[in-house]
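The briefing below is arranged by topic and is meant to be read beside the sequence and the coordinates. The contacts between chains come before those within a chain.

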Amino acid sequence: MEYAIVGKSVPRKDGWVKVTGQAQYGGDLILPGMLHGKILRSPHAHARIVSIDASRAKRLPGVRTIITGKDFPGVKFGFLPITRDQLPFAVDKARYFGEAVAAVAASDEDTAEEALDLIQVEYEELPPVFTVQDAIRPGATLVHDDKPGNVGFTARYNYGDIARAFEECDYIKEEHLTTQRISHGFIEPHAMLASMDGDRVVLQGTKQSPYITWRHLCRAMDLPLSKVRMLNPYVGGGYSGKHDPFDVDFAATKLALVTGRPVRVELTQDEILGMERQRHSKDCWIKLGAKKDGTLHALECKTYFEGGAYVCAAPINTRAFGSGLLIPYRIPNARFEGIRIYTTRPPCGAVRGQARVIARYVLEAILTDLANDMGLDQLEIRRKNALVKDEVATEGTVMENFAFMETIDELKKMVDWPAAKAKKVPFHGIGFAGDGYASGSRARGHWASAAVVKITEDGGINLIQGATEIGQGSDTVLAQICAEALGVPYEEISVAVEDTDASVLEQGIYSSRTTVWAGNGVRVAAEDARRQLAEEAAKLLEADPKDIEFRLGNVYVRNDPKRSITFNEVVRKAYYEQGHPIYGRGSWGMDAGRADWATAKEPWSPGRGSVTMAVEVSVDPETGKVKILKLTAAHDNGQPINPALLAGQIEGGTMAHMGQGVFEECLTDEHGRPINPDFFDYKMPTALDAPHFANHPIIGDNPYGPFGAKGGGESVSSSALGAIANAVADAIGVRIMDLPITPQKILKAINGKQSQERRA
Amino acid sequence: MTTQQTAPRIVPPKREYIQFTVNGIIYDVEVDLRRTLLEVLREQLGLTGTKKGCNDGNCGACTVLVNGKPMNSCLILAVEAHGKEITTIEGMAQDGKLHPLQEAVVNFNALQCGYCTPGILLTAKAFLEENPHPTEHDVRRAIAGNLCRCTGYQRFVNAILAVSQGKTKPDEE
């Protein structure tokens, strides 16, 4: 299909403001009379709060107010009704090092910081629990008195007769893989500005999904939704890490309510890297059985999610993990148990690609090792077990428009497989992995997307919608969809900021859903505006409205393009002569069914991307250092709306997973204090570490997506972690069972292997 | 023993006048001796294009040019900038026209969230002025002090290399 704007790498809507330094982020916002807020955090991983004496701090000149956990109404919030376990600040006890205990608003940051030192909190230390092993031991200290065994959430499924299925296998592989806590690695520190507008709070700052924050924040503060207005400035990255309300959001809101003044609270990187949300560490026992010819037959997986003091989004994590094991390969018999464990560490939540990234890693690792043990080709075993279009996956998902097999075949050509296998260089390795990622699976809350297309009287277009521009390029992609549907040039579209007053709130920016869901909302709204304009144009051109065509600002009669009028003229006549201001409204939502959290079943999603990735690495046998040479991906994201933006998503996501694979880990000491909460010690990939990318989109089909698009945010990079780990295993001939794959672990593995070989 | 009921005292900070040039404009500013250049640029001059990332010299988001050299403005006291010429991101476009690096970064989709972008642009500007014909590895080394979590760096590298060859647009995409 030939489109005018869709499928073109037009420049980003937010390009100019960002390269000139004009873009305003949370920490840049200032209001007259603004106060500065700071948060006092627990110096213990687990301690009862006996008393808080803020009298001395209150007398410090410049201090306006001090709040503690008791100033909030005591309503718990959480992702599901059964997982509501968190209060805005700690009240009776602190459950992790760094949990918010009090907050201060003062005339400047120095005074606020000094006031924190003057707040006297008496703690009674309790025994901490930092690991799954400690937390599940009989008689272990309970993080929450009403959560026996420190179990926060459990998801289970059982398909087929698993015991019999393993008996039917010719080869069975078992592994115990562990993965570490990582941080999102925002360069922009969280910063929230709250101010009062009469009896309403206006809250703006670093939020990825204002709707999610809004719902949970209002619940925990016992405020009606209409009393809080959320506005979004530019956001310095989302990476799934800015959805739910954090202490910084609660602190800013409460301090503004108490003082009546604007209050901005900015966190520091040591607070963010060490005490805010992280990715669950996981302990995964996995067992995979196959028939002689490599047909996968049975899978069993038990995974503990160590996730800190509050459950947060863990039901999403257990679901993403469980469902991530069963797509894109056909495994007819499967049993999964995902158990989310409380510890006295900072709470974990959603991180880029979700726990699906880890599920894909463990499955691709064991699949690779199984194929090697059985002497089978890595791509052949994937082809043999690939789910094909319209097949029903074991957990019930119909693989509509699924092009995974095509991505394997395309990748095979891209890396010149199997010829490349024959040219094996010592300490060089290649690893493969695949995925089939949903284009937005339903979470909680409303699930539709809506938009308003407002045509101004001079023919300009204001696109009002609720998706947050977090860098992924949603403003650009949605403007392209709007322009295409309306038949106007891309440049004519202005995209408004997200505002709970002015725009219909988008459910959230997660699960690679924005292009498809918000994109469809925008498409429907643009079509509504076009229908209204066609009626007006039909009067002017004396034609049937059905025959009116719109393309790049021209309006004409189909089959008679000489009978034409400009877009502006139609608008002007509608406004000035017909009294008809043009507002297109649209919303889009499919009945996806309800999410089944207890069985980790993903609801239906309108599209599913697919990818096969190859990663090539070299390992220095002297230092153990891994160099990622090249990442090659064949992928289907349907019709890309903007190929350059899609590729940017793939590259960035892939590099973040590379960080988890070989560099990053949030470390703590024996008291639960973070020991590397800064970018010097928390090692993220730099330009020197980042690999070369080679991506090739296969234009697959998606009748549900706007102009055939599928989601792209996470769907390609989700395979990277598995492919990287497999490449290292191929390079050194040993599987490293615990992430990250550091030089120390590699050297130990190489030495171990060599001494084993000498003995043999 | 009686508890002291008076308010804790704050020692007034020492302040000093400095004069420096920012983006070609001469500023006379009274600054608190403890303030960094980053803080004075953002809070006193309102130039918020210079971003505060880590505030301890590890991320490069606050990079500005001091007498043409890229520096982390969070590691320089404002008083040290006295008599110096500073370029921030707001001074990179001239007369409403983007610098070729800015153009290339937009055209290559080298930016995403945009938070690290000003720092990388200024680092790259100083780098290309000293090394007009770099290799890809040179470029990667030059921007290795600027962390970016969104892009994977490849597009920044491509954009900077293109500008070194007199181009601001990718050949195809």
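In this predicted model, Asp28(A) and Lys51(B) join their side chains in a salt bridge across the two chains, with 2.5 Å from N to O. The count of salt bridges between chain A and chain B is seven, while the count over all chains comes to 67. The points that follow take up the interface between the chains, then individual charged pairs, a histidine of chain B, and finally the domains of chain A.

**The interface between chain A and chain B**

- The contact draws on 63 residues from chain A and 50 residues from chain B, and the two chains bury about 4600 Å² between them, with 56% of that area on carbon and sulfur atoms.
- Val19(A), Ile187(A) and Ala687(A) together supply 15% of the area that chain A buries against chain B, which is more than any other three residues provide.
- Besides the seven salt bridges, there are 27 residue pairs in polar contact between chain A and chain B, counted where both residues have pLDDT 80 or more.
- On the side of chain A that touches chain B, at least two residues each are supplied by helix 1 (15-19), helix 3 (109-118), helix 17 (643-662) and strand 26 (692-698) of chain A.
- Helix 17 of chain A gives the largest share of this side, with nine residues.
- Sorted by class, the side of chain A that touches chain B consists of 28 nonpolar, 20 polar and 15 charged residues.

**A second salt bridge between the chains**

- The side chains of Arg35(B) and Asp110(A) also meet in a salt bridge, again with 2.5 Å from N to O.
- This pair crosses between chains, running from Arg35(B), in the loop between strand 2 (25-32) and helix 1 (37-44) of chain B, to Asp110(A) in helix 3 of chain A.
- Arg35(B) counts as buried because its relative accessibility is 18%, under the 20% limit, whereas Asp110(A), at 31% relative accessibility, counts as partly exposed.

**Salt bridges within a chain**

- Glu136(B) and Arg140(B) form a salt bridge through their side chains, at 2.9 Å from N to O; both residues lie in helix 4 (residues 136-142) of chain B, where they are four residues apart, about one turn of the helix.
- Within this pair, Glu136(B) is partly exposed, having a relative accessible area of 24%, while Arg140(B) is buried, having a relative accessible area of 6%.
- Glu103(B) forms a salt bridge with Lys97(B), for which the closest N and O atoms are 3.9 Å apart.
- Glu103(B) is classed as partly exposed at 27% relative accessibility, and Lys97(B) as exposed, with a relative accessible area of 55%.
- In chain A, a network of salt bridges links Arg356(A), Arg360(A), Glu364(A), Arg382(A), Asp435(A), Glu602(A) and Arg608(A).

**The surroundings of His99(B)**

- His99(B) is placed in the loop between strand 5 (85-87) and helix 2 (100-107) of chain B.
- A polar atom of the His99(B) side chain lies 3.0 Å from the backbone nitrogen of Leu101(B).
- Leaving aside residues up to four places away in sequence, His99(B) touches Met92(B), Ala93(B) and Lys125(B).

**The domains of chain A**

- Chain A is divided into domain 1 (15-22 + 448-588), domain 2 (31-126 + 187-237 + 242-275) and domain 3 (281-441 + 596-759).
- The centres of domain 2 of chain A and domain 3 of chain A, taken over C-alpha atoms, are separated by 36 Å, and 19 residues of domain 2 are in contact with 25 residues of domain 3.
- Between them, domain 2 of chain A and domain 3 of chain A bury about 1900 Å², of which 73% is on carbon and sulfur atoms.
- Phe79(A), Asp85(A) and Leu273(A) supply 31% of the area that domain 2 of chain A buries against domain 3 of chain A, more than any other three residues.
- The count of salt bridges between domain 2 and domain 3 of chain A is zero, although four residue pairs are in polar contact there, with both residues at pLDDT 80 or more.
- The residues on the side of domain 2 of chain A that touches domain 3 of chain A comprise eight nonpolar, six polar and five charged.

How values were computed: Residues numbered from 1 in each chain as written. Chains lettered and ligands numbered in written order. Predicted model: local features only at pLDDT ≥ 70, side-chain atom pairs only at ≥ 80, totals over all residues. Heavy atoms only, no water. Domains from an automatic or database assignment. Contact = heavy atoms within 4.5 Å. Buried area = accessible area lost by both parts, 1.4 Å probe. Salt bridge = Lys/Arg side-chain N within 4 Å of Asp/Glu carboxyl O. Polar contact = N/O pair within 3.5 Å; in protein donor to acceptor, adjacent residues only side chain to side chain. Nonpolar A, V, L, I, M, F, W, Y, C, P; charged D, E, K, R; others polar. Buried < 20%, exposed > 50% of the residue type's maximum accessible area, 1.4 Å probe, protein only.
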